[in-house]
Amino acid sequence: MAENSGRSKEVDVQYISSICREISENINRVIVGKAGAVELLLVALLSEGHVLVEDVPGVGKTILARAAAASLGCSFSRVQCTPDLLPSDVTGVSVYDPVKGEFSFRPGPVISQIVLADEINRATPRTQSSLLECMAERQITVDGRTLKLPRPFLVIATQNPVEYEGTFPLPEAQLDRFFLRLRLGYPSEAEENTILERLQYDHPIEALEACTDPQTFTEMQNAVREVFVEDSVRDYIVRLTAATRRHPDVVLGASPRGSLALFRGGQSFAALRGRDYVLPDDIKHIAVSVLSHRLILKPESQLRGKAPEQVVQELLQTTPVKFEKLGEAT
Amino acid sequence: MLPEESVKGKPLEQTPLAHLAARQHWMDRFVLPALAVLFTLSILLIARQYMAILAPAVKMPGWLIPAGAILALESVYIAGFHQRLRTPVSLRVMEFGLMLLPVYAGLWLGGNRHSRPFLSLDSFRDPHLALPLSLAVFAWAFARGYGGVFAGLGDIARDVGDQGAATFAWETEAYISDYGVSQARSRAVDYFTRRMLFYALLTCLFDALVVEAFPERIGAAAGWQGATSFGVVLMLMSGLLLQACVYLYRLHSIWRKVGISVQGSISGQWLWASLVFTCLVIILAVILPSGLSPFSFTGTMETMSRWLEAGFRMPTPQQGAQQPALAPPIRTGLPRAGDASWVAAVLYLALMLVQTLSVLGVALALIGLIIIGFLQEEWQRLPAVLKLPVYAYLWVKETARQLLAILSAGAAGGRELLGRLQRAGSRLQWPADEERRAFPRRPSPAVPALYIRHLFVLLMEAAGEQGLGPKADHTPLEYADALAGRLGTGQGDLQEFTQYYLKARYSREELSQDVVPLVDSLWQGIMAAIDAWRTGEEETPDSSVGEEEPGASDRTSSEDGGEVREEKGGGQEHGRE
């Protein structure tokens, strides 16, 4: 664990920034050339949001989740989603102990601080919703007993957008529960060379050390809420989200949960940059990742090859950041 | 007519009048016959008008029109009676003779006899009597056709069978089912559409004919234009309403047949909506100037032919120049009979076709609006021909939408141009106003945050006057970067100043008074850079510092289309002025 993860330190934006820089460097040791994605992952983690990593196989989705867990010093578990996965396989089950003559609860993988739900779209909707309920409520109820999930509690779900056979695509209501969606993309040739070089003998993830501890990270999450969001920035967030509902290519725009995610994400991003106030640039930086998976495009727009990311980009270009005029500032 | 087996226990054959009176629906009893009579009346009126031009020697008495209306009314009502009771042909001929006899007598007594004996065969060969009488016969026979259709219109079971009437697509069924089982299996509404379109087209052709052949007679006939236009308006209005009402009546019949409970006011609402739409179209056409309205066909044709003539007029040969042998003669006014070239005739015909198609298109669009308003998405189930009005409506709607979008974009462009002109006007005076260059409207630096924000706004305003304002999607930080790239100098100052501004505007932090002198100096440096950029005193900025190459400034401004516009040449000119 890094030395600056001591609990006695005052958690302010500078501290958050430095810790996050360490975490980012740590993760970048195993994930090559994805600094932007790592930064967004940290934004989601600081915002107590869950992340959906969507990309083709083999680009490092699982490694990214494992590296994040290792860097945060959190407990980590992995759920490999398959069609026969049951909700009890995720949440845990009560088993009769013949020696004690009573039922004892065996916790499932979801009772961890960082849960990797690998290929979540292969699980049945029933199992998906049980997992997503844990994400929303941060607690589970088994046999009438309610268990609070540990803090920080973060779910990193992955899915492959190419394969559809034998999958159960997440409905929009459940997609909306993810704070942001990441797409890693293929590395460049130079980055791929670096990967091969690094992985020649051992995987560097085995050597990763934690940069902080769960309690400190929870304090960091609390501190992020204190980052100031000026009225005009808040107004910009609302106008941006509202614009998604009016876009001609969109059937269903972003919900108020989207606005909230932009708000929290802006705070976290500002803290990552060592600022205690949010700029419109912070909102623009995270908007595509935060909003795009919350939009449903019209079928004709999809047939034209339009992507939600394009729609959000268009909205960023057409939704003005209001500048002050003479008289307003004074 | 709605199927009625008996009236008050008596067989229908014994109580024909009671049968007529016992029709259940007010549309069947009053509205449809009235509209059919109105339509017939309009055709009669138009025919009389054209006959007055084509055969001016024939006297057309004024009472012929109301007489024709009475004949039409009788014919419509009695048609159902004949059809239902299967009256013999002899009885029908007798009815025809009885109805026409008063008209003949009136014409004979009114001076159209020309000394021919009453009911003699000679009198029927006399055009002064035969032509007006033929109009009356036409009205009677024309209305009989409508009456015959009305008689079978409500008998859904006979058309489609009970099984067919129990299908789920009531509206579609009502629209496409046959109105009567006969060899000429016309569609219920299609029959009325075809009739109206045919007579509208015929009217246009006659109008073109009389305008081309007898313009002097049109000019001599007092009130001819007004009466013709009234006839056309009446024809279109009654024709459109008739189609709407027939459709509603079909629906009503199906609802009755299958026992569907329908809100009582739907018929009234339907009629009201149809009336409003029809009136709107008519009003729009009527309020147009007489030379442009589709209902003032003659005047419109005249106007368009003049325009066309002006467009095709050959240049006047100069004096002494040799006149081309085949140069067309230049003439003004309406084409006169005998001297119109074939080019003018073809163009005239083409214009007539265009105008006819326009009128038909509007009528079709109106029908399409009614259909789509009632059927919603179900209109796609209609057969191909019946979709035509809906397509026409959608086309007109799309055209209107695009037209409005173009007008809106034009208005926005005009406003922007006006703003630029105003800014350019104020820029011309700037160099003379030295005070403004040094902290114009400068606030007190007592509150540093407000002071810095104010300076940033002034900076934006000054840059904006040089065409370096922010783009619509710029954040302050992005704008500062873009501006720094444009100015080429003072980049460090600008970035530092922007950081102060961001903190002043977006942060809760109270800035100390110590920053004010620093910010002042930064601001002055930036303003000096803007001033230098404007006056062109500075060297062209190095491309490595700016956002874009300085040489590409003009090109960039046209490409991005944003507010950060680079018109350095223009700025220099203003500065020199």
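Of the 330 residues in chain A, 44% count as buried. Buried means 20 or more other C-beta atoms within 10 Å of the residue's own; exposed means 12 or fewer; partly exposed is in between; C-beta atoms are placed from the backbone.

A word on the source. This is a predicted model, where local features need pLDDT of at least 70 and side-chain atom pairs count only at pLDDT 80 or more, while totals for chains, interfaces and linings use all residues. Residues are numbered from 1 along each chain as its sequence is written, and chains are lettered from A, ligands numbered from 1, in the order in which they are written.

Confidence next. pLDDT is the predictor's confidence in each residue, from 0 to 100. Chain A averages 83, and 95% of its residues score at least 70. Residues 1-8 of chain A stay under 50. Where pLDDT is low, the predicted coordinates should not be read in detail.

Now the fold. Chain A has 13 helices and 11 strands. These are DSSP runs, numbered from the N terminus: helices are H or I with at least four residues, strands are E with at least two. Contact means C-beta atoms, placed from the backbone, within 7 Å. Take the contacts in chain A between residues at least 6 apart in sequence: 78% join residues at least 24 apart.

Look at H11(A). Its 12 residues reach 15 Å from first C-alpha to last, close to the 16 Å expected at 1.5 Å a residue. The expected span is 1.5 Å times one less than the number of residues.

Last, backbone geometry. Most residues other than glycine have a negative phi, and most peptide bonds are trans. A:Glu48 has a positive phi of about 60°. A:Glu119 has a positive phi of about 50°. A cis peptide bond joins A:Arg151 and A:Pro152, with omega about -10°. A:Pro152 sits in the loop between strands E7 and E8 of chain A.

Definitions and conventions: Two residues are in contact if their C-beta atoms, placed from the backbone, lie within 7 Å.
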